[in-house]
Amino acid sequence: LWADEPGYYIAEFPVYNTIVAALYQLNGTVNETLGKLVSVFASLGAAVFLYLLVLRLFSKNTALAALIFFYLFSPQGIILSRSYQPDELGLFFGIVGLYYFYLWTKTSKLVHYSISFVCFILTLLVKISFFPFAFPMLFFAFKKWKLKMIFQPLFILYTATIAPYFFWYLHMKNVYASYPQLHSADLISPGNWLKFNKLLDIHWLVNTVYDFIDQVATLPVIILFLGALLLKNRRNFGFIIAWSVGLAIYVLGFIGKIHFWYYQVPLLFPVVILAGVSANELLQYFKKHFVHSKIVIIFLIAISMFLTGRPYLLRTYAISLRHKHLLEFAQTIQNETPLHGKILTSADTHAALTYYSLRPDMWGGTLTINEPGCDNKCVIHRFEGFRAWGAQLYAVLDKKELTGKPEFSQYLHRHFPVVKESETYILFSVVRKA
């Protein structure tokens with residue numbers, strides 16, 4: 001997404017990028033659909049292994065309900081599973097690693113251990129933020145060996161799964177030390193994540209929880225999840241508790257970003273499992289008191305989830321007018337940019353305009369105009385930094401964005417010629433007027 005990076009996003013090991021690049025080579029050309037297909041198949045795989053894990057720990061009905069809640073009806077889960085980014089691949093490796101670790105504690109087979117070992121390495125490399133998968137693993141190991149687990153050679157060896165990410169982190173630090181202007185350079189700073197003051201902001205807390213309920217889990221699933229907490233039969237709830245502890249640490253560690261929905265998606269796993277437990281309990285109750293109970297309960301849950309998630313489901317399959325303008329403007333930018341040119345873009349869609357504007361020979365950067373805490377002088381300073389980098393054109397998708405930074409707007413119009421302008425967008429040359 002940040003085109004000033006050297007061919008890949010430094011903060012994440014390019015597992016996803018490598019797979020997509022290989023598909024491009026096989027296809028003979030760049031095709032974004034291939035990149036999205038990686039996420040599609042990864043999401044299918046994650047759903048299958050989630051089902052298999054829950055099936056072994058609970059029941060078929062619980063596993064089926066969890067699968068439906070996770071894969072078919074979570075609004076943002078659907079969006080993420082079709083997205084051009086590595087999150088779904090990381091979740092796939094995480095759930096596969098967890099499933100085979102569980103099998104290893106039951107069978108002691110080296111093949112199960114090996115698959116889990118490799119998958120968890122890939123999980124951490126794709127997204128270090130997916131470390132909470134380790135916590136249910138710890139629970140399964142403790143359940144099998146108790147405190148003697150610390151003397152199990154293969155369990156001790158499993159801690160080495162963090163080593164590849166550690167070496168990648170050292171590489172990141174070296175790159176950012178050499179190129180501090182890279183867009184993602186501030187991501188290794190703890191201050192970018194550990195913003196505990198947000199916990200005192202009631203408005204922020206309410207909005208974050210509301211977004212998770214509304215966009216990620218949906219209200220019916222949350223109600224079923226809360227219902228599971230009241231059940232007397234809590235068989236195998238231990239690994240859910242362990243997983244939740246890991247996710248609580250994750251939320252605190254990434255508190256500065258957790259309000260973004262795609263940081264909330266990992267929280268969905270224990271929620272849908274417990275919701276599945278509740279759905280199974282309801283099914284058993286309906287079986288005793290109603291005819292065709294299974295059909296009725298599945299229909300009621302499906303309809304209620306569809307109605308609550310409908311706006312996001314529509315967003316998944318329909319292109320909004322705003323995004324249509326983005327694609328049209330991106331084509332204009334490509335047509336106006338010289339060979340091997342560098343561009344700078346601004347859009348409320350963040351890096352999307354940069355991404356869609358780039359030809360294979362181009363480089364680009366993204367300037368967020370209305371970022372909180374960055375005033376007119378801050379924006380001008382960043383803009384000049386991109387000019388020094390060699391940007392030749394500056395594109396603003398929505399001219400209304402400039403109204404929030406009037407001094408910056410005046411600075412642009414005073415010093416830089418307009419190449420193209422419409423009712424919605426404006427394209428500047430970054431070469432100063434004579």
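The model is a predicted one, with local features needing pLDDT of at least 70 and side-chain atom pairs counting only at pLDDT 80 or more, while totals for chains, interfaces and linings use all residues. Residues are numbered from 1 along each chain as its sequence is written, and side-chain values rest on heavy atoms, leaving out hydrogens and water.

The open sheet has 5 strands, running β2-β1-β3-β5-β4 with mixed pairing; strands (E, at least two residues) and helices (H or I, at least four) are DSSP runs numbered from the N terminus, and two strands pair if DSSP finds at least two bridges between them. β2 (363–366) and β4 (418–421) sit at the edges with a single partner strand each, so one side of each lacks a neighbour in the sheet. From one strand to the next, the twist averages 20° (axes are lines fitted to C-alpha atoms, for helices over the stretch in contact; angles between N-to-C directions run from 0 to 180 degrees). β1 (residues 342–346) pairs with β2 in the parallel sense over 4 bridges, and I343 stands opposite G364 in β2. Helix α18 (residues 376–389) packs on the sheet, touching β1, β2 and β3 (393–396), and its direction makes about 170° with that of β2; contact means heavy atoms within 4.5 Å.

Elsewhere, F196 is in the loop between α9 (163–178) and α10 (202–217). F196 is partly exposed, at 43% relative accessible area (buried is under 20%, exposed over 50%, partly exposed in between, with a 1.4 Å probe and protein chains only).

I240, in helix α12 (residues 238–253), counts as buried at 4% relative accessibility. Leaving aside residues up to four places away in sequence, I240 touches P270, I273 and L274. I240 and F269 are 29 residues apart in sequence and 9.1 Å apart in space, C-alpha to C-alpha.
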